[in-house]
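Here are my notes on this model, in the order I worked through them. Please check them against the coordinates.

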Amino acid sequence: MKIAAVETYLMQAGSPAETAWSEESAGGMSLSGTRQWLFVRVIAEDGTYGVGEGSGWPAVVQAAVRDLAPLLVGQDVYNIDRLWSRLHLAQMGHGLTGTVGGGALSALDMALWDLNGKLLGVPVWRLLGGKFRDVVPAYAHTSSVETTKRLIDRGYRAFKTGGVSSALDKATALRAAFGNEIDLMVDLHGPPWLTPADARRMSREFEPLNLLFLEEPVAPEHPNELLRLRDACHVPVAAGERTAKIWGLAPLITSGAIDVAQPDTGRFGGIGQMKKLAAIAEAFGVTIAPHAGTLGPVAEFAAIHLMAAIPNALILERFGSDWPGRERVISAPPVFRDGGLEVPDVPGLGVDLVLDEIAKYPAQRNTGIPNDAHYAPGTANEHLYIQPRFNATGLRARTAE
Ligand SMILES: [Mg+2]
């Protein structure tokens, strides 16, 4: 079966007024108005198609996918890994590494897995070697006890909080309110505004909170500092969302810098790359917790199949209710039950695009800086790499200057 065509669909994920991180994380970092989703369809000569999603700067990834498409047309759809290598090699002149190329590979690889599943009549998790679980644990985002209560009522059992300020206060309040009834994670977003020395001190303050993991306590530009931090504290460390392909993330695993690897399903390089990464991680006792960030709903399905099929799946990040359009642009959202997402049992990924709905949200804007008060213009916080130190009260509540 030959590939006949590749299509791309770029959309604005919500109007500026309603687009942000999840409703539940109101008060946290926001990228209002700048989120786009890129979906692709890889169409076989018999009309069967697979769907995929790529991030890593979707508007740029769209250009990359269109540039790569002629390398797929006319090729045999069944040789997924060979086609991946073909697309990867084609990026040599562009430097090979990086999340933009990783986003293009992710979108096309994802669509090829979906297409293969449909043509062969099996779910993607079966192509990956079968499943370990029927439900993939997932966590929601929260910034308050009240929000967490609402999410617990909806069935969530695991939560991530954090941000660039008050992360310790938020996590302490949640643990005090719910005890060990919940799993708790903290994301410091790889802060360039936190010096490595401050990060080590702050990490030790999280030790009593029994975190599932502490995410990106130092900036990804300083991988050696991540290793020093992990040696200095007794908190499981997670990182990897801004890396691409196995060569980008494996060094954090093999060097012993992290306990949890967080490949982004839309920009890491594809389902095949994530499966390979999971094997590397397994060899070093590291678990997998895919990053979602600004991703749309198709990549979430890909993550569910991957997480179903690997032994060292930890938990999946999700923004299930961040914008109503998330559920409208696909055929149906994943089923949430028992604190996680049900693994689909239909051919392919189990999701389709609703093209008429996607067309209602034409792409507008794809860049911006977070509008959190801590980036306030005219203050020392305007420029991220000034690295202002947090205050001496244990890096607790901090206000813009
Ligand atoms: Mg993060």
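1. Start with α3, residues 99-120. At 1.5 Å a residue, its 22 residues should span 32 Å. The end C-alpha atoms lie 30 Å apart, which agrees with that expectation. Keep in mind that this is a predicted model.

2. How much of α3 is buried? Of its 22 residues, 20 are buried, so the rest of the structure largely encloses this helix. A residue counts as buried when 20 or more other C-beta atoms lie within 10 Å of its own.

3. Look just past the end of α3. There G121 adopts a positive phi of about 75 degrees.

4. Next, the pair α7 (residues 196-205) and α8 (residues 223-232). Their axes come within 9 Å and cross at roughly 30 degrees. Angles under 35 degrees count as roughly parallel, and α7 and α8 are therefore roughly parallel to each other. The crossing is right-handed.

5. Which residues make the contact between α7 and α8? From α7 come P196, A199, R200 and S203. From α8 come E225, R228, L229 and A232. The contact of α7 with α8 comprises 4 nonpolar, 1 polar and 3 charged residues. An α-helix has 3.6 residues a turn, so residues three or four places apart point the same way.

6. Last, R154. This residue sits in the loop between α5 (145-153) and β5 (158-162). Is R154 buried or exposed? R154 has 12 other C-beta atoms within 10 Å, so it is exposed. The C-alpha atoms of R154 and R337 are 9.2 Å apart, although 183 residues separate the two along the chain.

Key. Residues are numbered from 1 along each chain as its sequence is written. This is a predicted model: local features need pLDDT of at least 70, side-chain atom pairs count only at pLDDT 80 or more; totals for chains, interfaces and linings use all residues. Axes are lines fitted to C-alpha atoms, for helices over the stretch in contact, and angles run from 0 to 180 degrees between N-to-C directions. Helices (H or I, at least four residues) and strands (E, at least two) are DSSP runs, numbered from the N terminus. Angles under 35 degrees count as roughly parallel, over 145 as roughly antiparallel, 65 to 115 as roughly perpendicular and the rest as oblique. A crossing is left-handed if the near helix is turned anticlockwise from the far one by less than a right angle, and right-handed if clockwise. Two residues are in contact if their C-beta atoms, placed from the backbone, lie within 7 Å. Ala, Val, Leu, Ile, Met, Phe, Trp, Tyr, Cys and Pro count as nonpolar, Asp, Glu, Lys and Arg as charged, and the others, Gly among them, as polar. The expected span of a helix is 1.5 Å times one less than its number of residues.
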